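Here's a quick walk through one model, for someone who likes to see how the pieces sit together. Have a look at the structure first, then read on.

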Amino acid sequence: QTTAGFTGADLENLLNEAAIIAAKENRSFIANKDVKRAFVKVGIGAEKKSRVISDKEKKITAYHEAGHAIATRCLPTQDPVHTISIIPRGRAGGFTMSLPQEEKFYASKNEMLDDLIVLLGGRVAEKLTMDDISTGASNDIERATSVAKSMVTKYGMSDLIGPINYSSGQQEIFLGRDMVETDTISEDVAAKIDEEIRRIILEAYAKCEDILKEHMDQLSAVGEYLIRNETMDGDAFEKMFNGEEVPDHETGAQVFHIE
């Protein structure tokens, strides 16, 4: 289930990384925990524990990732949360990873709309909990815009635009590519496309806001847990979402109970 969609080479790479982790702990066998750590490393990147993070940035990242996780949990089309972390990896300051229940070859319109809600969960959480926003959501916004644009121009999922492909499907690297693409689109249609992309994203933002406002207790609990522990697995997240107490990694202190 964890490796749905992996090729043979992907599996080999995963187990090689798990073997390295086991060897660093002077073990001659690979444990399940090694595979889990290797899975995150392969999918997200190596931990950057040497990076110094201020308390303010840590709090922003914790609530940002908690927002993604809560939004994911509340949407029926989304896969279960597997891991949440605020330890920097690769180019990411933190991440929320979900595991697919099965291999997927198609995405429905409703699934893509829910994907947008999840992508905006970090930005919405920052706004609700700190009454401010940061640059940490830049990649989320870029991805959300790309998804909405594809829905409108490539997959024909806009009632206003209709089932027409306005995307060239080409990825030329020279400057002016967008100008070349829009030469075949009238100004009126281009304006409608912009309007639809904006509408889809703003509606997703509003729905995400409603979800997180309804689950502020869980959002706070997960955010504070991440500030103290830096990582949270799917089982602990599910328990906390349902109002159960979850002990910290190191101290065994109890997180406050959600009534």
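This is a predicted model: local features need pLDDT of at least 70, side-chain atom pairs count only at pLDDT 80 or more; totals for chains, interfaces and linings use all residues.

Strand β1, covering residues 81–85, runs antiparallel to β3, and three bridges link the two.

## The sheet around it

Which order do the strands of the sheet take? Reading across, it goes β2-β1-β3, an open sheet of three strands with antiparallel pairing. The edges are β2 (95–98) and β3 (231–233), each of which pairs on one side only. On average, neighbouring strands here are turned by 10° against each other, direction ignored.

As background, the strands of a sheet are held in pairs by backbone hydrogen bonds, in a parallel or antiparallel sense.

## A helix across the strands

Now for what sits on the sheet. Helix α9, residues 216–229, lies across β1 and β3, and its direction makes an angle of about 120° with β3.

Helix α9 also meets α10. Two packed helices are described by the angle between their axes and by the distance between those axes. For α9 and α10, the axes come within 9 Å and cross at roughly 145°. Which residues make the contact? On the α9 side they are Q218, A221, V222 and Y225, while α10 brings F237, M240 and F241. As for handedness, α9 passes α10 in a right-handed crossing.

The structure holds one aromatic pair, and it is made by F237 and F241.

## Around D34

Over to another part of the chain: D34 lies in helix α2, which spans residues 32–43. Is D34 buried or exposed? Its relative accessible area is 0%, so D34 is buried. Leaving aside residues up to four places away in sequence, D34 touches A18, I21, A22, R27 and F29.

Two of these contacts, R27 and F29, also have a geometry of their own: R27 lies over the face of F29, at 5.5 Å from the ring centre.

Key:
Residues are numbered from 1 along each chain as its sequence is written. Side-chain values use heavy atoms; hydrogens and water are left out. Two strands pair if DSSP finds at least two bridges between them. Helices (H or I, at least four residues) and strands (E, at least two) are DSSP runs, numbered from the N terminus. Axes are lines fitted to C-alpha atoms, for helices over the stretch in contact, and angles run from 0 to 180 degrees between N-to-C directions. Contact means heavy atoms within 4.5 Å. Rings of Phe, Tyr and Trp (its six-membered ring) pair if their centres lie within 6.5 Å; planes under 30 degrees apart count as stacked, over 60 as edge-to-face and the rest as tilted. A charge sits over a ring if NZ of Lys or CZ of Arg is within 6 Å of the ring centre and within 35 degrees of the ring normal. Buried means under 20% relative accessible area, exposed over 50%, partly exposed in between (1.4 Å probe, protein chains only). A crossing is left-handed if the near helix is turned anticlockwise from the far one by less than a right angle, and right-handed if clockwise.
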